[in-house]
Amino acid sequence: MALRDELLCELEARRGADISGQALAERFGVSRSAIWKAISALRAEGFVILSAPKRGYRLRAEDDRLSEAGVRAALGGAHAALPVRVYRTLDSTNREAQRLLAAGEPCPLLLLSEEQTAGRGRRGRAFYSPAGEGLYMTLALRPCVALSEAALVTAAAAVAVAQAVDALAGVRCRIKWVNDVFLDGKKLCGILTEANGSFEADALDSVCVGIGVNVRTRVFPEELAERACSLYPRAISRNRLAAEIAARLLDFAAGLDARRFLDEYRARSLALGRTVAFTRNGVERRALAVDIGERGELIVRRADGQIEALSAGEVRILPPESGTLRPGADIQHFLSKP
């Protein structure tokens, strides 16, 4: 590892604290001049490194520039060796991950970018990805699970995001089936899971889990303003958030068959116990969301009492006044309400 990278790792690990140039020189076995040159290089890249006589250097606590060193400092433990790549700009972290896998890059692999010029959501929708305001990351995995159960990865990712945000921001996130994380009734995070495998063999080769979290966004475009939110003004380190999400998702993926995250997915669900609208064969239908299945599917009960499992598509959760089932309510009447 280059001196610049080693130095940044040390400053990240001691973020907000002073460390003398002499101590750094001794730590890395170089001259103080070499330390100064490495500090200058980091400053030129945009890192805010403060210095003072007899005190040394420190990375400003408020500095939130994404870096491999910052993520590694927060990862630690069993995931310290996770390959991490950080970019200033990408078309899409998922697309870059797919390109790297096609070129032979091994999994797991974590990619982050300060911005995306062609960020994507489900069904080809654009994902708002302004520079420096969000966490745009992809974790490429090779989980031991059948292709038909790949949706479990999305459910695991949603729980990993919700847990990580809760831990760092002191909030309570909810999950809208199947891939959106909500905070205070608005969308905080979108997840796009793209799998590669064989349908004939029901074999999953790899999966790219794209995650976009609105971290520092203050003003959204008009079309998103009523539906989206961010963690601002909470001071959340994007490096630490990326590490927290990745560590949790890696742990879930290592034992995907155990489905340890599904109970929490259910507990955080915005849909369960509510009337949802979905489209089948071009016709919008209503049903009561009653459970999350063992493959992550949404289990609904139709007005005629039939149970249906939704494994793909989108649902619209109806307003509480028409979408909450109360004890003793007549299901047939409930689902037929306008």
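Author: Happy to! Keep in mind that this is a predicted model.

Reader: Which residues of helix α5 are buried?

Author: Helix α5 covers residues 93-102. Seen down the axis of α5, its buried residues fall within an arc of 160 degrees, so they line one face of the helix. The residues on that list are Thr93, Asn94, Glu96, Ala97, Leu100 and Leu101.

Reader: What do the buried residues of α5 pack against?

Author: Look for strands here. The partners of the buried residues of α5 are β3 (84-87), β4 (109-113), β5 (134-141), β8 (186-198) and β9 (203-214).

Reader: Is Glu308 buried or exposed?

Author: Glu308 sits in strand β13, which spans residues 307-310. Its relative accessible area is 17%, and buried means under 20%. Therefore Glu308 is buried.

Reader: Which side chain does Glu308 join in a polar contact?

Author: Leaving aside neighbours within four places in sequence, Glu308 is in contact with Phe278, Arg280, Leu298, Ile299, Val300 and Arg302. One of these also makes a polar contact of 3.3 Å with the side chain of Glu308, and that is Arg280.

Reader: Which element gives the largest share of the lining of the largest pocket?

Author: The largest pocket holds about 810 Å³ of space, and 36 residues line it. Elements giving two or more residues to this lining are α5, β5, β7 (180-183), β8 and β9. The largest share is six residues, and it comes from β8.

Reader: How many residues of the lining of the largest pocket are charged?

Author: Lying nearest the centre of this pocket are Gly121, Arg125, Phe127, Asp180 and Lys187. Across the whole lining, 17 residues are nonpolar and eleven are polar, while the number that are charged is eight.

Reader: Which element gives the most to the lining of the second largest pocket?

Author: This pocket has a volume of about 520 Å³ and a lining of 23 residues, with Ala150, Ala151, Thr154, Thr193 and Ser311 nearest its centre. Two elements, α6 (151-169) and β8, each give two or more residues to the lining. With seven residues, the one that gives the most is β8.

Methods:
Residues numbered from 1 in each chain as written. Predicted model: local features only at pLDDT ≥ 70, side-chain atom pairs only at ≥ 80, totals over all residues. Heavy atoms only, no water. Buried < 20%, exposed > 50% of the residue type's maximum accessible area, 1.4 Å probe, protein only. Helix = DSSP H or I, 4+ residues; strand = E, 2+ residues; numbered from the N terminus. Arc of directions from axis to C-beta. Contact = heavy atoms within 4.5 Å. Polar contact = N/O pair within 3.5 Å; in protein donor to acceptor, adjacent residues only side chain to side chain. 1 Å grid on protein atoms, 1.4 Å probe; cavity = no way out; pocket = protein on both sides within 12 Å on 5 of 7 lines; lining within 4 Å. Points joined across faces, edges and corners; volume = space filled by probe spheres on them. Nonpolar A, V, L, I, M, F, W, Y, C, P; charged D, E, K, R; others polar.
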